[in-house]
Amino acid sequence: MTKSIGNKHEAQHRGKKERLEIRRTNIAREAVKMAEARAKYRNQVKGRPPMDLLASA
């Protein structure tokens with residue numbers, strides 16, 4: 001499909017299966033981001049510097 005499709009939004013021309021696939025990939029991508037963030041700040045006390053900075057000192 002070309003970029004210039006008139007005045008309609010590109011998403012309106014996507015099929016139902018394609019939209020569902022995009023939604024699934026977006027949800028999976030967000031889940032990966034959240035898991036990485038949770039692992040990064042795991043077991044950390046609020047208001048204290050990160051644990052890796054304390055270990056190196």
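Predicted model: local features only at pLDDT ≥ 70, side-chain atom pairs only at ≥ 80, totals over all residues.
Is K33 buried, partly exposed or exposed? K33 is partly exposed, at a relative accessible area of 48%, where buried means under 20%, exposed over 50% and partly exposed in between (1.4 Å probe, protein chains only). Residues are numbered from 1 along each chain as its sequence is written, and side-chain values use heavy atoms, with hydrogens and water left out.

**Fold and surface**

- The protein chain has 2 helices and 0 strands, both being DSSP runs numbered from the N terminus (helices: H or I, at least four residues; strands: E, at least two).
- Of the 57 residues in the protein chain, 0% are buried.

**Salt bridges**

- Searching the whole structure turns up 2 salt bridges, each being a side-chain nitrogen of Lys or Arg within 4 Å of a carboxyl oxygen of Asp or Glu.
- One of them joins the side chains of K33 and E30, at 3.6 Å from N to O.
- K33 and E30 sit 3 residues apart in helix α1 (residues 16-40), so about one helical turn separates them.
- E30 is partly exposed, at 41% relative accessible area.
- R14 and E18 also pair up through their side chains, at 3.6 Å from N to O.
- R14 is partly exposed at 29% relative accessible area, and E18 is partly exposed at 43%.
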